[in-house]
Structure formats: structure tokens, C-alpha cells
Amino acid sequence: AEYPTANEEENLPPTPFFLPPRNQYMRRLFAYLMERRGIDRSIIQHFAHARTIYEEANHHNSVFVGLDEHGVARHAHKRSTHDTGKTFRINMEGSDPRCSFHWTGVSDRLYVFEGPIDLLSYITLHPEDWRQHSYVACCGTSSLPVLWMLEHNPSFRDVSLCLDNDKAGHTASLRLAEQIAEQFEIASSRLIPENKDWNDDLTKLAEQDHTEQTVQQMG
């Protein structure tokens, strides 16, 4: 009998991509994103309506869906809705790394984030006319989703790199800026959160507001 060589095994068909089953309700997803993460309800509703955010049926994880240029789901990023212990987050097998969670607006401005929660947090912090602009979450620090967005939207002229305020975020931003300049002749700018990431900025701001309200009530 002939055994397949390593080469032949490498040519096996790629894992087929499928979305995890949707839960009928999104209570846990809304509770987690609003109460734990401070994200504005109307922003969650917007993406839920676009069917790019939903709650998974089996484990109640939050699922962030990435669509291709035809509106077909090609990518899914799962994240647990409870933060006890180590946070569970994973890109579904078979996902196309280029088509991660994003929103395409009409302006020439693109904002780049590491994760979906940071993307939603930034919009919550800067809600004015947010739908006009475009946003992409790399679901890591891969440059593929950014280059894919630029390729499919030749009108983009203003790229803001909003990656984390840490060594990995700074390194990835430099690498991305070089690739964007080289391939698209666009100069990008760096937007740095005050804390480690945009969700830290958002939750700390909410804590300050809460403290100030409590002090006012006591006074």
C-alpha cells in the first residue's frame, strides 16, 4: 500500500468555514458588552442588525463576523461573555484572515484596531457621525485585513492606526505604516489610547463618571 507523503498531506483541502449557530436571544451578549465593557447600546444594536455581531447558541460566546466584498460571511471571531479566569478568544477555523470584523462608511477615513471590543469602544468614545467612517479589527496584529480594506476602497486617504498602547501595538503600527505607505502611497497616523487599549479608556471614564455622580449625590 502506498502512504501519502508529507507533500500530499499539505495539499488537503482547507477547513470549510461555517458560522457557529446563533442563539435566539442576545441577552448575555448585550449584558456583557454594555455592563462589563461600557459599549453603547445603539452601537451594539447597529452591528446586531447588520448581523455581524451575535450570541452563539451553545456557549453564549459573542461572535464578531467578517464579511467579504459581496456581503458573504468569511470570518468569525469568538470571545467569551464572562471574564472570570483567562479570557477565551479565537478565530474560527477556516476563517479568511483578510475579511475580519469591519464597517465600511463613505468618508476617506479608516480606523484600524487590534480587536472588535476596541473598535466598538472607540466608536462609543467618538460617536459623532461614526457611520460615515470605516473601521477594521485585525483580530490580532495581522496586516491582511487592513491591506484588504485599502484594496477594496480606493477612496481611503486617511488611515489611523489605533492599536494597543504596548510594545506589540507600537511594533505592529510601525510595520503597518510601512506596508500602507509602500503599497498604497498613503501616510498613516497613530492614535494611542491613554491606557493599554480603548476599552480600558472607556471603562475608566465610566468609573470616573460614576464616582463623580456618587460624590454629587452625597454632597
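Trainee: Which side chain does E56 meet in a salt bridge?

Mentor: That's K78, with N and O 3.3 Å apart. Keep in mind that this is a predicted model.

Trainee: Okay, and where do E56 and K78 lie?

Mentor: E56 is in the loop between β1 (53-55) and β2 (62-67), while K78 is in strand β3 (residues 73-79). The pair therefore ties together parts that are 22 residues apart in sequence.

Trainee: Is E56 buried or exposed?

Mentor: Buried: its relative accessibility is 2%. K78 is buried too, with a relative accessible area of 11%. The cut-off for buried is under 20%, so both residues qualify.

Trainee: How many salt bridges turn up in the whole structure?

Mentor: Six. One of them joins the side chains of R109 and D158, at 3.5 Å from N to O.

Trainee: What does the pair of R109 and D158 tie together?

Mentor: Strand β6 (residues 109-113), which holds R109, and strand β8 (residues 158-161), which holds D158. Those parts are 49 residues apart in sequence.

Trainee: How accessible is R109?

Mentor: R109 is partly exposed, at a relative accessible area of 30%. D158 is also partly exposed, at 27%.

Trainee: Next one: what is D164's salt-bridge partner?

Mentor: K196, with the closest N and O atoms 2.9 Å apart. D164 sits in the loop between β8 and α6 (167-184), and K196 in the loop between β9 (188-190) and α7 (198-218), so the pair ties together parts 32 residues apart in sequence.

Trainee: Which residues are in a network with D164?

Mentor: D166 and K196; salt bridges that share partners join D164, D166 and K196 into one network. As for accessibility, D164 is buried at 5%, whereas K196 is partly exposed at 40%.

Trainee: Switching topic. What's the strand order in the open sheet of four strands?

Mentor: The order is β1-β2-β3-β4, and the pairing is antiparallel. β1 and β4 (89-91) are the edge strands, since each pairs on one side only.

Trainee: How much are neighbouring strands of this sheet turned against each other?

Mentor: By 25° on average, ignoring direction.

Trainee: And how many bridges join β3 to β4?

Mentor: Three, with the two strands running antiparallel. If you want a spot to look at, find H77, which stands opposite N91 in β4.

Trainee: On to helices. How many residues of α4 are buried?

Mentor: Nine of the 10 residues in helix α4 (residues 116-125) are buried, so the helix is largely enclosed by the rest of the structure.

Trainee: Which ones are the buried residues of α4?

Mentor: They are P116, I117, D118, L119, L120, S121, Y122, I123 and T124.

Trainee: What about α5 and α6, at what angle do their axes cross?

Mentor: Roughly 25°, and the axes of helix α5 (residues 144-152) and α6 come within 11 Å. Angles under 35 degrees count as roughly parallel, so that is how α5 and α6 are described.

Trainee: Is that crossing left-handed or right-handed?

Mentor: Right-handed, as α5 passes α6.

Trainee: Which residues meet there, between α5 and α6?

Mentor: From α5 you have V146, L147, L150 and E151. They meet L176, Q179, I180, Q183 and F184 in α6.

Definitions and conventions: Residues are numbered from 1 along each chain as its sequence is written. This is a predicted model: local features need pLDDT of at least 70, side-chain atom pairs count only at pLDDT 80 or more; totals for chains, interfaces and linings use all residues. Side-chain values use heavy atoms; hydrogens and water are left out. A salt bridge is a side-chain nitrogen of Lys or Arg within 4 Å of a carboxyl oxygen of Asp or Glu. Buried means under 20% relative accessible area, exposed over 50%, partly exposed in between (1.4 Å probe, protein chains only). Two strands pair if DSSP finds at least two bridges between them. Axes are lines fitted to C-alpha atoms, for helices over the stretch in contact, and angles run from 0 to 180 degrees between N-to-C directions. Angles under 35 degrees count as roughly parallel, over 145 as roughly antiparallel, 65 to 115 as roughly perpendicular and the rest as oblique. A crossing is left-handed if the near helix is turned anticlockwise from the far one by less than a right angle, and right-handed if clockwise. Contact means heavy atoms within 4.5 Å.
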